[in-house]
Amino acid sequence: MTVSMFQKMSKHYGQPPEEAKFFWSGGPVDVAPRTWFVSFFSGVTGFETDEGLVLVDSGLSQLAPALDEMLRRRTTAPVHTAVFTQGHVDHAFGLAAFLREGQPPPKVIAHRAMPARFDRYAQTSGHNQAINARQFGGTVEMNDGQLDTFRAPEHPPNVLYDDRHDFEVGGVRFEVHHCRGETDDHSFVWCPDRGVLCPGDLFIWAVPNSGNPQKVQRYPWDWAAGLRKMAALGASSMCPGHGGPIVDDAKKIRRMLEDTADFLDLIVERTVEALNAGSPPHVDIVHRVRLPVRDAPWLQPVYDEAEFIVRNVIRYFGGWWSGRPSELKPAPRSRVADEVAAMAGGARKLVARAEALVSKGDLRAACHLADYALEAAPDDSDVAHRVADIYEQRAKSETSLMAINLFSSAAAYAREGRPFR
């Protein structure tokens, strides 16, 4: 993600100073003695010790200089140790900006699975460029050169651990715990001497990002267990991966973590129950699961959403086949679209029916017909622009960033005269 992409999303969601905003930016916030939290899209926590700075996460490479400037209003200490809570670009790629000229190379701690993540990024760079272009609402061509290169960071981890890693810097104790959640290499950091918990993206002031439609498997059941483990620590301050910190409120922190664990456990429980009822086609399971809805500001579907988490649970237990017989070995999409369009009397009649469904509020069914219309007549500019309009209306009806931007991307592709891909 680039600065311009961040600003676009921030403008959409707004940047009021409430801590609960996913895109909260600011700092430094004093969260404990000699301990500060700063955030610009993602959060960074600095623990000053007598031997130097312990840094939890490092932000996006493009935004890290701004994060460093905020942190340096409180401390000029060199970085002694950094901990990456996961290998995503908004956590592990900005460390260079925090290092002082001539300082010794820092220790960089991460879970043992992280180097394999970077290898996968390098192997599938083109794929990741494409899915991130879509995730942020555009097409690959629109975002050409605007995305982080998928590679290992400039300062990769040099201390790897398996389940737990304890260390001490300047007489201050730290614990790093592994917890599969958004990623298989995820960690949370606990500083018992200062009562500060850094959960990384295990807590982001939103429905957990456990169902991202385009990304690899995520683990809501392990995530819930990790949240309960964190809740039991009794942290007085919490510095999340996104959003503002909670300072000197152990009761609220425990409630937030336990509420989020309950939310995930409920989705898993209900999805598995639907799977066990004869293993129906996946889309039927999605519509059978009664999704939990919560009023708490930390469980709103502003980034990911419960329906996508259901899909992720199904994927883990149910394999890749949707359960619909024709989709076991399907025809090309364009071939099916041709047949549907022929039965309807042409692509324009299909898109007209889709528009009629939109007027009735049935956007889900309308988008199926819109897809067929565009796939059957990709060179018809009238069809393409009408399909784009449908997807723009669909995007406006959604709440989560994932859905908004993927539907916006579909509209962008349609305006270019091609089906979403």
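I count helices (H or I, at least four residues) and strands (E, at least two) as DSSP runs, numbered from the N terminus. On that basis I list 14 helices and 12 strands for the protein chain.

**Ground rules.** The model is predicted, so I note that local features need pLDDT of at least 70 and side-chain atom pairs count only at pLDDT 80 or more, while totals for chains, interfaces and linings use all residues. Residues are numbered from 1 along each chain as its sequence is written, and side-chain values use heavy atoms, with hydrogens and water left out.

**Overall form.** I looked up the radius of gyration, which is taken over C-alpha atoms; the globule rule is 2.2 Å times the number of residues to the power 0.38. A compact globule of 421 residues would come near 22 Å, and the protein chain, with 23 Å, agrees. Its C-alpha atoms fill a box of roughly 75 × 45 × 40 Å along the principal axes.

Accessible areas come from the Shrake-Rupley method with a 1.4 Å probe, and for residues only the protein chains shown count as cover. The accessible surface of the protein chain is about 17,900 Å², and carbon and sulfur atoms hold 51% of it. I call a residue buried under 20% relative accessible area, exposed over 50%, and partly exposed in between. Of the 421 residues, 55% count as buried.

For contacts I take heavy atoms within 4.5 Å. Among contacts with a separation of 6 or more, 67% join residues 24 or more positions apart.

**Cores.** A nonpolar core is a set of buried Ala, Val, Leu, Ile, Met, Phe, Trp, Tyr and Cys residues joined through side-chain atoms within 4.5 Å. The largest one has 64 residues, and L55, F84, F98, V387 and Y391 touch the most other members. I followed L55: leaving out residues up to four places away in sequence, its contacts include V44, L71, V83 and F98. Another core, of 35 residues, lies apart from the largest one and has W205, W223, A231 and L275 among its members.

**Nonpolar patch.** Patches are made of residues with over 30% relative accessible area and no salt bridge; like charges are joined within 9 Å, nonpolar side chains (Val, Leu, Ile, Met, Phe, Trp, Tyr) within 5 Å. I find W320, W321 and L328 making a nonpolar surface patch of about 380 Å². W320 sits in the loop between helix 9 (306-318) and helix 10 (333-344). Its relative accessible area is 70%, so W320 is exposed.

**Salt bridges.** The rule is a side-chain nitrogen of Lys or Arg within 4 Å of a carboxyl oxygen of Asp or Glu. By this rule I get 29 salt bridges.

R117 pairs with D185, with the closest N and O atoms 2.9 Å apart. R117 is in helix 4 (residues 114-123) and D185 in the loop between strand 9 (172-178) and strand 10 (187-191), so the pair ties together parts 68 residues apart in sequence. Both R117 and D185 are buried.

R348 and D380 also meet in a salt bridge (2.9 Å, N to O). R348 lies in helix 11 (residues 347-359) and D380 in the loop between helix 12 (363-376) and helix 13 (381-396), so this pair ties together parts 32 residues apart in sequence. R348 is partly exposed at 47% relative accessibility, whereas D380 is buried at 18%.

Definitions and conventions. Buried means under 20% relative accessible area, exposed over 50%, partly exposed in between (1.4 Å probe, protein chains only).
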